[in-house]
Structures are given as C-alpha cells and as structure tokens.
Amino acid sequence: MTCDVCGHRMRQVPVTEPRAAWDLPVKERWFCPWCYAWTELGHDPREVSRPQYQPVHERWERAESPELPEDVAHAYDTAHAYTDSGATLCGLVHEDISVSPYFWLPDRDNACDACKETAAVIDRRWPPEMRDGNRVSPPPPPGSSWPPF
C-alpha cells in the first residue's frame with residue numbers, strides 16, 4: 001500500500017483484538033515508516049480510517065523503561081511498536097522500552113534533544129496540504145460502526 005500522505009510504501013502491522021468495546025474492529029493496519037501516518041481498514045472494504053495530522057507536541061507518547069535515564073524524557077518510536085523491542089525516537093532500543101500513558105512534551109527542559117530533532121524531521125514530512133483535517137477518509141457505509149472522520 002502506498003501512503004496517501006507522502007507517497008512512500010507502507011508496511012502492514014499486526015492487528016490485535018479490540019481492547020475495549022468502543023475500539024474499532026480492524027481487519028488491516030498499515031503504517032508509513034517515513035511520515036508515520038496510519039491507515040486502518042475494517043472488515044467492510046468501505047471502512048477506512050486515516051487519522052489526521054497531529055502537531056509534534058500532541059503526536060508522541062513518552063517512552064518508559066528502567067533502562068532509560070530518569071532525568072531525560074524520550075519519545076516512544078511507534079515504528080518499533082510491533083517488533084520484539086521498544087525504541088525511542090533518538091534510536092535507543094531495548095526490549096524493556098515501552099510506551100507510557102503520558103504525552104512526551106518536546107518543549108520541556110528535560111526532553112531529549114535527539115528525540116526533538118527526529119520528531120521535527122518526521123513532522124516536516126507531512127505536506128502542508130495534508131494538515132488541518134485535509135487527509136481524506138471515505139464515508140463509512142450505512143450501518144457501519146465506524147465513525148466518519
């Protein structure tokens with residue numbers, strides 16, 4: 001599948017069962033390792049979800065691990081979310097790195113500078129015309145549990 005945001009090749013990632021009743025039943029999930037855009041396909045071929053652009057300060061969760069220094073906040077790299085190890089945006093990789101329930105805030109004094117630079121590079125890969133709600137998802141079919149995005 002080709003990414004509708006940047007035109008690069010996407011990779012299919014594993015899909016797990018919905019964790020909560022309000023989670024969408026996803027058949028296929030595709031991820032772009034260039035611009036970090038997601039596309040999800042439902043069991044009906046007309047169910048397509050393409051999450052919109054999020055600015056840097058709203059896009060990343062904080063990485064957590066006993067292996068990471070406590071005085072530096074690292075961003076969790078979702079490109080490694082479906083591998084056997086976790087990673088930070090700056091490239092630290094370890095099996096114990098996981099995503100925390102908290103946002104990574106790049107404006108904080110303790111934010112990792114290398115994670116900030118990587119986040120800025122990924123952010124620049126989203127063309128301006130694909131921001132501000134301009135990423136198109138087709139309307140779901142009648143009777144679908146998928147919300148219109």
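Does Cys112 count as buried or exposed, and at what relative accessibility? In this predicted model, Cys112 has a relative accessibility of 10% and therefore counts as buried, since the cut-off for a buried residue is under 20%.

The protein contains two helices and eight strands. Read from the N terminus, these elements follow the order β-β-β-β-α-β-β-β-β-α. The radius of gyration is 16 Å, close to the 15 Å that the globule rule gives for 149 residues, so the protein is as compact as a globular protein of that length. Its C-alpha trace extends over about 50 × 35 × 25 Å along the principal axes. Of the 149 residues, 38% count as buried. When contacts between residues at least 6 apart in sequence are considered, 57% of them join residues at least 24 apart.

An open sheet is formed by four strands in the order β1-β2-β3-β4, with antiparallel pairing. At its edges lie β1 (11-13) and β4 (48-49), each of which pairs on one side only. Within the sheet, strand β2 (residues 26-31) and strand β3 (residues 38-42) run antiparallel and are joined by five bridges. Glu28, for instance, has Leu41 in β3 as its bridge partner. Strands of a sheet pair through backbone hydrogen bonds.

Leaving aside residues up to four places away in sequence, Tyr36 touches Phe31, Trp60, Asp77, Thr78, Ala79, Leu89 and Ile122.

The cysteines complete the picture. A disulfide is a covalent bond between the sulfur atoms of two cysteines. A search of the whole structure finds zero disulfides. For Cys90, the nearest cysteine sulfur is that of Cys115, 3.8 Å away, and Cys90 is in no disulfide; the cut-off for such a pair is 2.5 Å. Cys90 counts as partly exposed, because its relative accessibility is 28%. Cys112 likewise is in no disulfide, and the nearest cysteine sulfur to it, that of Cys115, is 3.7 Å away. At 10% relative accessibility, Cys112 counts as buried.

How values were computed: Residues numbered from 1 in each chain as written. Predicted model: local features only at pLDDT ≥ 70, side-chain atom pairs only at ≥ 80, totals over all residues. Heavy atoms only, no water. Contact = heavy atoms within 4.5 Å. Pairing = 2+ DSSP bridges. Rg over C-alpha atoms; globule rule 2.2 N^0.38 Å. Buried < 20%, exposed > 50% of the residue type's maximum accessible area, 1.4 Å probe, protein only.
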